[in-house]
Amino acid sequence: MTQPDASTRDRITQALRAQRIETASWAYANSGTRFKVFPQEGVPRDPYEKIADAAVVHRLTGVAPTVALHIPWDRVDDYADLARHAAELGVTLGAINANVFQDNDYKLGSVTNPDPGVRRKAIDHLLECVDIMDRTGSRDLKLWFSDGTNYPGQDDIRARQDRLANALRETYDRLGDDQRLLLEYKLFEPAFYTTDVPDWGTAYAHCLELGPKAQVVIDTGHHAPGTNIEFIVAFLLRAGKLGGFDFNSRFYADDDLMVGAADPFQLFRIMHEIVRADALTPAAGIAFMLDQCHNIEPKIPAIIRSVMNVQEATAKALLVDAGALAAAQRTGDVLGANAALMDAYHTDVRPMLAELRADLGLDPDPIAAYARSGYFETIRAERAGGQQAGWGA
Ligand code: RM4
Ligand code: MN
């Protein structure tokens with residue numbers, strides 16, 4: 001395939017300019033696997049420093065102006081002050097992620113726990129997260145439940161669905177007019193026999209029951225090997241029930257590696273469905289978030305690389321010749337249709353993205369710009385004392 005003509009480039013550039021990718025506060029902190037989290041130098045010690053790092057990613061990429069928080073890891077006394085701090089650095093606070101998976105009380109589940117007292121505690125946390133959203137101005141409450149069982153017979157599968165539905169209902173009813181509940185699913189882990197929200201169908205059914213402010217979030221690492229994620233994307237978009245993504249990359253399970261690392265073609269196929277549904281613009285309401293852990297690679301460059309990987313997959317998806325594809329599909333031209341996708345996928349979009357960055361007044365190479373900026377040397381020196389933030393704080 002030849003390089004795109006001027007008008008195609010214009011259309012693509014405009015779409016890429018409008019694209020927004022949200023980074024996650026916890027990705028700037030120490031995180032990794034359940035076996036070992038390797039601490040790194042210069043890691044933030046509190047939410048203020050995490051936001052400062054997120055602001056650097058935005059300054060260098062121009063497309064990552066929001067940062068998601070995780071409660072209680074990012075608990076502060078004054079959320080309005082945290083929001084002000086973010087604004088001063090040129091970013092805003094994004095989705096609020098609830099955490100009902102790290103308390104001893106949740107051994108047998110949080111909102112689906114057989115003990116009503118534990119369920120109350122978990123729901124109260126979800127409601128507290130909505131209070132926080134009121135103060136941060138966040139639109140989305142993202143819910144991921146580790147709830148499930150390890151052994152057949154351990155608990156009543158159906159009763160747990162009732163408890164889940166009740167908790168979601170109470171939380172949903174607390175949402176403001178412009179707030180949304182994004183329900184995440186995950187196949188397994190930490191529960192190994194049943195998981196209460198294991199797949200998109202379960203999440204979709206609960207969201208449907210709740211109402212229009214409830215939508216499904218797809219964490220790309222939360223599926224069985226071989227799952228066709230773009231099918232799920234297409235289905236949920238058609239149903240108006242796709243709220244967003246937690247992007248990351250997996251080889252085996254919930255690896256939480258950099259998006260586009262294991263399978264950039266899959267990321268392209270996902271973005272093709274997004275483009276096809278005209279759901280790329282922020283107005284479409286799909287939140288494109290990163291949910292990753294950077295255990296062995298330097299964190300800020302890894303997050304910059306992840307943002308660039310999403311941009312590259314998006315640019316390729318925008319390059320698909322929609323007319324040629326539709327014509328091939330209509331006439332049953334199987335190979336022609338496939339070629340329309342592959343031609344776009346095989347195009348090197350990096351020069352186009354470099355040019356776009358230059359047009360935005362950015363360095364065409366954000367990774368090199370970060371290395372040259374001296375930011376890492378500064379945080380390494382400044383953040384020498386104190387307690388580094390991690391999964392527990
Ligand atoms: C979970 C899930 C959530 C994220 C936490 C850190 O596996 O993916 O989205 O908030 O990890
Ligand atoms: Mn996630």
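Q: In which helix is arginine 276 found?
A: The model is a predicted one, and in it arginine 276 belongs to helix H9, which covers residues 264-276.

Q: Is arginine 276 buried or exposed?
A: A residue is called exposed when its relative accessible area is over 50%. Arginine 276 has 61%, so it counts as exposed.

Q: Which residues coordinate the manganese ion (ligand 2)?
A: Start with the donor atoms. The manganese ion (ligand 2) is held by OE of Glu184 and by OD of Asp219, Asp246 and Asp291, at 2.1 to 2.2 Å. Along the sequence these donor residues follow the spacing E-x34-D-x26-D-x44-D.

Q: Which parts of the chain does the pair of aspartate 219 and aspartate 246 tie together?
A: Aspartate 219 is in strand S8 (residues 214-219) and aspartate 246 is in strand S9 (residues 242-247), so this pair connects parts that lie 27 residues apart in sequence. Aspartate 219 is buried, at 0% relative accessibility. Aspartate 246 is buried as well, with a relative accessible area of 1%.

Q: What is the strand order in the open sheet of eight strands?
A: The order is S1-S2-S3-S4-S6-S8-S9-S10, with parallel pairing. Strand S1 (23-24) and strand S10 (287-290) are the edge strands, each pairing on one side only.

Q: How many bridges join S1 to S2, and which residue stands opposite threonine 23?
A: S1 and S2 are parallel and pair over two bridges. Threonine 23 faces valine 67 of S2 as its opposite residue.

Q: How many residues of strand S2 are buried?
A: In general, side chains in a regular strand alternate between the two faces of the sheet. Strand S2 (residues 66-70) is mostly covered, with four of its five residues buried.

Q: How does S2 pair with strand S3?
A: S2 pairs with strand S3 (residues 92-97) in the parallel sense, over four bridges. Histidine 70 has asparagine 97 in S3 as its bridge partner.

Q: How many bridges join S9 to S10?
A: S9 and S10 run parallel and are joined by four bridges. Here phenylalanine 245 is placed opposite phenylalanine 288 in S10.

Q: How many salt bridges does the structure hold?
A: The general idea is that side chains of opposite charge can pair when their charged atoms come close. The structure holds 28 salt bridges. One of them joins aspartate 134 to arginine 174, with 2.7 Å between the closest N and O atoms. This pair links distant parts of the chain, since aspartate 134 is in helix H5 (residues 116-136) and arginine 174 is in helix H6 (residues 157-174), 40 residues apart. Aspartate 134 is partly exposed at 44% relative accessible area, and arginine 174 is partly exposed at 27%.

Q: What is the N to O distance in the salt bridge of aspartate 363 and arginine 372?
A: The distance is 2.5 Å between the side chains of aspartate 363 and arginine 372. Aspartate 363 is partly exposed, at 27% relative accessible area, whereas arginine 372 is exposed, at 57%.

Q: Which residues are linked in a network of salt bridges?
A: Arg34, Lys186, Glu189 and Asp254 are linked in such a network. Within it, glutamate 189 and lysine 186 form a salt bridge whose closest N and O atoms are 3.1 Å apart. Glutamate 189 is partly exposed at 23% relative accessibility, while lysine 186 is buried at 7%.

Q: Which residues form the nonpolar patch on the surface?
A: The patch consists of Leu187, Phe188 and Phe192, which together have about 280 Å² of accessible area. Leucine 187 sits in the loop between strand S6 (180-184) and strand S7 (194-195). With a relative accessible area of 36%, leucine 187 is partly exposed.

Conventions:
Residues numbered from 1 in each chain as written. Chains lettered and ligands numbered in written order. Predicted model: local features only at pLDDT ≥ 70, side-chain atom pairs only at ≥ 80, totals over all residues. Heavy atoms only, no water. Donors = N, O, S within 2.8 Å, 3.2 Å for Na, K, Ca; no water. Buried < 20%, exposed > 50% of the residue type's maximum accessible area, 1.4 Å probe, protein only. Patch = residues over 30% accessible without salt bridge, like charges linked within 9 Å, V, L, I, M, F, W, Y side chains within 5 Å. Areas by Shrake-Rupley, 256 points an atom, 1.4 Å probe, with all protein chains shown as cover. Salt bridge = Lys/Arg side-chain N within 4 Å of Asp/Glu carboxyl O. Pairing = 2+ DSSP bridges.
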